[in-house]
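Visitor: I have a model to go through and some questions about it. Can we take them one at a time?
Guide: Go ahead.

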Amino acid sequence: VSKRLNIRRLYTFAAPHSGAQLAGIAGFTGTPLALRPQSPFFWRLEARERASESVNYPIVNFARGRDLTIGDGLAIPDHLAGELVHYSSPWYQPAHFWVYRDGRLLRDMLARLVTEEQ
């Protein structure tokens with residue numbers, strides 16, 4: 001018997017919920033191949049999510065500008081409720097890597113968590 005989590009809202013950082021734009025270019029084997037948009041992996045995942053009544057929580061995906069790895073259009077799947085929180089970043093700053101260290105995103109997520117608890 002698998003354990004179910006009671007999720008009210010899912011916060012993610014630069015997560016490829018619908019695939020990764022870079023995988024469409026360089027994904028030939030393994031995980032990058034699975035992360036291609038419209039891959040069989042994402043078809044199975046979407047079918048499972050649509051069939052499950054437990055996937056009824058919104059996703060809040062934090063991203064930084066110029067993220068060529070994931071791409072803005074792939075951040076939230078069409079079949080799930082969600083919000084893309086996008087912060088701009090200078091061209092010389094890695095947009096995808098170290099996104100979890102961006103103080104702006106962390107402060108925003110913390111403020112949302114505090115508001116939810118009240």
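Visitor: Which residue does D102 form a salt bridge with?
Guide: D102 forms a salt bridge with R64, and their closest N and O atoms are 3.3 Å apart. A salt bridge here is a side-chain nitrogen of Lys or Arg within 4 Å of a carboxyl oxygen of Asp or Glu. The pair links distant parts of the chain, with D102 in the loop between β3 and α4 and R64 in strand β2, 38 residues apart.

Visitor: What kind of model is this, and how are residues numbered?
Guide: It is a predicted model, in which local features need pLDDT of at least 70 and side-chain atom pairs count only at pLDDT 80 or more, while totals for chains, interfaces and linings use all residues. Residues are numbered from 1 along each chain as its sequence is written, and side-chain values use heavy atoms, with hydrogens and water left out.

Visitor: Back to that pair. Is D102 buried or exposed?
Guide: D102 has 7% relative accessibility, so D102 counts as buried. R64 is buried as well, with a relative accessible area of 3%. Buried means under 20% relative accessible area, exposed means over 50%, and partly exposed is in between (1.4 Å probe, protein chains only).

Visitor: Which residues are linked with R64 and D102 in a network of salt bridges?
Guide: R104 is linked with R64 and D102 in that network.

Visitor: How many salt bridges does the count come to?
Guide: The count comes to six salt bridges. One of them joins R9 to E116, with the closest N and O atoms 2.3 Å apart.
Guide: R9 counts as partly exposed at 34% relative accessibility. E116 is partly exposed too, with a relative accessible area of 24%.

Visitor: Which residue does E83 form a salt bridge with?
Guide: E83 forms a salt bridge with R112, and the closest N and O atoms are 3.0 Å apart. E83 is in strand β3 and R112 in helix α4, 29 residues apart, and the pair links distant parts of the chain. E83 is partly exposed, with a relative accessible area of 34%, and R112 counts as partly exposed at 23% relative accessibility.

Visitor: Now the strands. Which residue is the bridge partner of V60 in β3?
Guide: The bridge partner of V60 is E83. Six bridges join β2 to strand β3 (residues 82-87), and the two run parallel. Two strands pair if DSSP finds at least two bridges between them. Strands (E, at least two residues) and helices (H or I, at least four) are DSSP runs, numbered from the N terminus.

Visitor: What about the β1 side, how many bridges join β1 to β2?
Guide: Four bridges join strand β1 (residues 10-13) to β2, and these run parallel. F13 stands opposite F62 in β2.

Visitor: How many residues of β2 are buried?
Guide: Six of the six residues of β2 (residues 59-64) are buried. I59, N61 and A63 point one way, and V60, F62 and R64 point the other way.

Visitor: Aromatics next. How many aromatic pairs are there?
Guide: The count comes to three aromatic pairs. Rings of Phe, Tyr and Trp (its six-membered ring) pair if their centres lie within 6.5 Å; planes under 30 degrees apart count as stacked, over 60 as edge-to-face and the rest as tilted.

Visitor: Why is the pair of F13 and F62 stacked?
Guide: The ring centres of F13 and F62 are 5.2 Å apart and the planes are at 25°, so the pair is stacked. F13 lies in strand β1 and F62 in strand β2, so the pair ties together parts that are 49 residues apart in sequence. F13 counts as partly exposed at 23% relative accessibility, whereas F62 counts as buried at 0%.

Visitor: And how do F41 and F42 pair?
Guide: F41 and F42 form an edge-to-face pair, 5.1 Å centre to centre with 70° between the planes. F41 counts as partly exposed at 35% relative accessibility, and F42 is buried, with a relative accessible area of 9%.

Visitor: Which residues form one aromatic cluster?
Guide: Y11, F13 and F62 form one aromatic cluster.

Visitor: Last topic, the surface. Which residues make a nonpolar surface patch?
Guide: F97, W98 and Y100 make a nonpolar surface patch of about 380 Å². Patches are made of residues with over 30% relative accessible area and no salt bridge; like charges are joined within 9 Å and nonpolar side chains (Val, Leu, Ile, Met, Phe, Trp, Tyr) within 5 Å. Accessible areas come from the Shrake-Rupley method with a 1.4 Å probe, and for residues only the protein chains shown count as cover.

Visitor: Where is Y100 found?
Guide: Y100 is found in the loop between β3 and α4, and Y100 is partly exposed, with a relative accessible area of 48%.
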